[in-house]
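Hi,

Here is the structure I promised to pass on to you. Have a look at it first, and then read my notes below.

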Amino acid sequence: MNLEAILLTKPVVKITSSLLRSNKIRKLGATIIDKTADKRLLNSKPDYQPVKMIMDQKQIVNNMVGSFDRWADSKNLSKTTFERFIKSFVSMYINAKSPRQEFKSKYGFSSPGFLTISPTKLCNLKCKGCYASSASSENVSLSFDVVNRIIQEEKDLWGSHFVVISGGEPFMYISQGKDILDLAELHPDTFFLVYTNGTLITKEIASRIAALGNVTPAVSVEGYEAETDERRGDGVYSKILQSFENLKNAGVIFGLSVTATKDNAEIILSPEFVNLYMKKYGVQYMWIFQYMPIGRGQDLELMVTPEQRFDMLNKTRKWMYDEGLFIADFWNSATLSKGCISAGRHDGGGYIYIDWNGNVMPCVFNPYTSDNILDVYNSGGNLNDVLFSPLMKRIREWQKDYLTDPETGFCKNMLTPCPIRDHHKSMREIIDETNAQPADKAAEIALNDKSYYVGMCRYGEAIGSITKNKWETEFLEIEKKTTVENAVS
């Protein structure tokens with residue numbers, strides 16, 4: 001029996017889990033991770049990346065460890081849940097190495113780190129401005145066999161064992177008599193982050209999630225009760241609070257998903273908001289997704305303003321550094337992810353998105369496609385094939401170009417990293433050049449709306465102007481100073 005097989009045996013997993021339930025052992029482990037991450041990140045630092053970005057990446061690793069530590073201290077966490085959680089993570093890292101090496105050897109770049117899949121468009125709510133235009137009348141889903149195959153190929157071909165499930169509402173998905181949690185049970189070596197409205201997480205569902213140990217739900221809110229019910233419907237907030245209670249009592253690690261708009265931008269990063277959810281309700285992490293005007297009722301006026309986005313950037317960083325909390329913003333936290341991660345980015349940190357129709361897109365918020373996974377499978381292909389469409393390749397070329405600014409020698413402004421949101425003109429040129437097709441009617445409308453194009457371009461120009469000084473002084477100037485000091489010493 002090799003070392004990998006030994007690490008996954010029941011006795012070893014039990015011993016590892018028991019040790020990690022010890023506060024002292026976890027503190028020691030956190031210290032080791034802190035030193036190791038510091039050394040690893042600095043040693044592997046690309047020339048284009050300012051040291052300040054490395055500091056950000058190290059900090060978020062520390063905050064992730066802190067979230068795990070708080071969860072491990074939870075009174076309601078069962079041995080079984082913790083053991084399965086540990087086994088899932090050990091399996092992820094052990095089983096990833098060989099496929100990743102094979103992929104890089106064959107294609108010359110690293111395989112994607114994860115994928116996002118929305119297996120159903122069906123939803124029990126009808127939220128204003130939903131990016132997916134989901135509703136209870138939209139019963140469009142991928143078959144369970146197809147979803148299962150996608151995840152199996154992700155593991156076998158990419159060495160990736162992390163899946164994000166979105167929607168529609170994932171807990172409404174039923175196909176061939178199976179649901180989302182049946183999928184997680186079939187893949188115990190894969191970790192699932194499930195974005196959900198939370199209204200269907202009963203005590204029974206929470207108990208199933210706890211028993212699996214490889215699922216973490218991120219429950220969506222818009223603020224407090226007034227903001228949430230205004231967008232999601234009357235009475236939704238009270239159901240969300242019940243889901244928190246169910247998850248907390250079951251010992252599940254769970255998080256928060258917040259859509260930031262012009263109307264709630266000042267609320268969602270306030271001390272009152274963060275402390276309520278992360279201290280009182282037991283939320284361990286928070287993801288912020290700034291409203292993107294795609295999907296049902298697209299409205300540029302609902303976007304956070306450039307000024308609000310800049311304020312959110314500063315507040316997010318303050319929570320990250322001063323309080324050690326895992327709070328990340330899909331756009332404002334790009335220094336953590338080294339920029340745009342769409343289109344299966346070349347360095348292993350990227351992802352792709354597959355929707356309920358099988359459309360393959362570079363990103364959840366970039367609804368244009370060149371491939372459909374069902375067509376790929378019917379023609380004898382596999383998951384690798386969708387990475388090499390003109391659209392995907394062209395976006396990866398744009399990402400590489402963004403890593404080189406001839407004037408500074410470093411990457412371009414990582415506070416404005418997104419091609420579809422911050423550099424809309426460039427993304428439209430890519431869509432036209434590659435003949436990518438809109439994935440739905442809303443995406444088609446956006447593509448043909450001149451006022452939409454002008455508005456998005458103006459937004460990108462404004463946020464670029466507002467963040468320019470912060471990028472240059474807090475990231476590039478520190479880098480120059482560090483380089484000079486190192487040269488002198």
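L19 counts as partly exposed, since its relative accessibility is 44%. Here buried means under 20% relative accessible area, exposed means over 50%, and partly exposed is in between (1.4 Å probe, protein chains only). L19 sits in helix α2, residues 10-20. Helices (H or I, at least four residues) and strands (E, at least two) are DSSP runs, numbered from the N terminus. Together with I15 and I25, L19 makes a nonpolar patch on the surface, and the three have about 260 Å² of accessible area together. Patches are built from residues with over 30% relative accessible area and no salt bridge; like charges are joined within 9 Å, and nonpolar side chains (Val, Leu, Ile, Met, Phe, Trp, Tyr) within 5 Å. The accessible areas come from the Shrake-Rupley method with a 1.4 Å probe, and for residues only the protein chains shown count as cover.

Before you go further: this is a predicted model, where local features need pLDDT of at least 70 and side-chain atom pairs count only at pLDDT 80 or more, while totals for chains, interfaces and linings use all residues. Residues are numbered from 1 along each chain as its sequence is written, and side-chain values use heavy atoms, with hydrogens and water left out.

Now the whole protein. It has 18 helices and 14 strands. Its radius of gyration is 22 Å, close to the 23 Å from the globule rule for 489 residues, so the protein is as compact as a globular protein of that length. (That radius is taken over C-alpha atoms, and the globule rule is 2.2 Å times the number of residues to the power 0.38.) The C-alpha atoms fill a box of roughly 65 × 55 × 50 Å along the principal axes. Of the 489 residues, 56% count as buried. The protein exposes about 21100 Å², and carbon and sulfur atoms supply 54% of that. Contact means heavy atoms within 4.5 Å; among contacts between residues at least 6 apart in sequence, 74% join residues at least 24 apart.

Is V258 buried or exposed? V258 is buried, with a relative accessible area of 0%. You will find V258 in strand β7, residues 255-260. Not counting residues up to four places away in sequence, V258 touches V221, I268, F273, M286, W287, I288 and F289. The C-alpha atoms of V258 and E222 are 5.6 Å apart, although 36 residues separate the two along the chain.

N448 counts as exposed, at 57% relative accessibility. N448 and T473 are 25 residues apart along the chain, and their C-alpha atoms are separated by 39 Å.

S160 is another one to click on. It is in the loop between α6 and β2 (162-165), and it is buried, with a relative accessible area of 0%. The side chains of S160 and E154 are joined by a polar contact of 2.7 Å. (A polar contact is a pair of N or O atoms within 3.5 Å; within protein, one must be able to donate a hydrogen and the other to accept it, and residues adjacent in sequence count only if both atoms are side-chain atoms.) Leaving aside neighbours within four places in sequence, S160 is in contact with P112, G113, F114, E154 and K155.

Next, how many salt bridges does a search of the whole structure find? The search finds 20, where a salt bridge is a side-chain nitrogen of Lys or Arg within 4 Å of a carboxyl oxygen of Asp or Glu. Here are three of them:

- D189 and K155 meet in a salt bridge of 2.9 Å, N to O. D189 lies in the loop between α7 (180-186) and β5 (191-196) and K155 in helix α6 (residues 144-158), so this pair ties together parts that are 34 residues apart in sequence. D189 is buried at 15% relative accessible area, and K155 is buried at 8%.
- D322 and K318 meet at 2.8 Å, N to O. Both lie in helix α12 (residues 306-322), 4 residues apart, which is about one turn of the helix. K318 is exposed, at 53%.
- R394 pairs with E433, with the closest N and O atoms 3.3 Å apart. This pair links distant parts of the chain, with R394 in helix α15 (residues 390-402) and E433 in helix α16 (residues 424-434), 39 residues apart. R394 is partly exposed at 23%, and E433 is exposed at 53%.

Cheers
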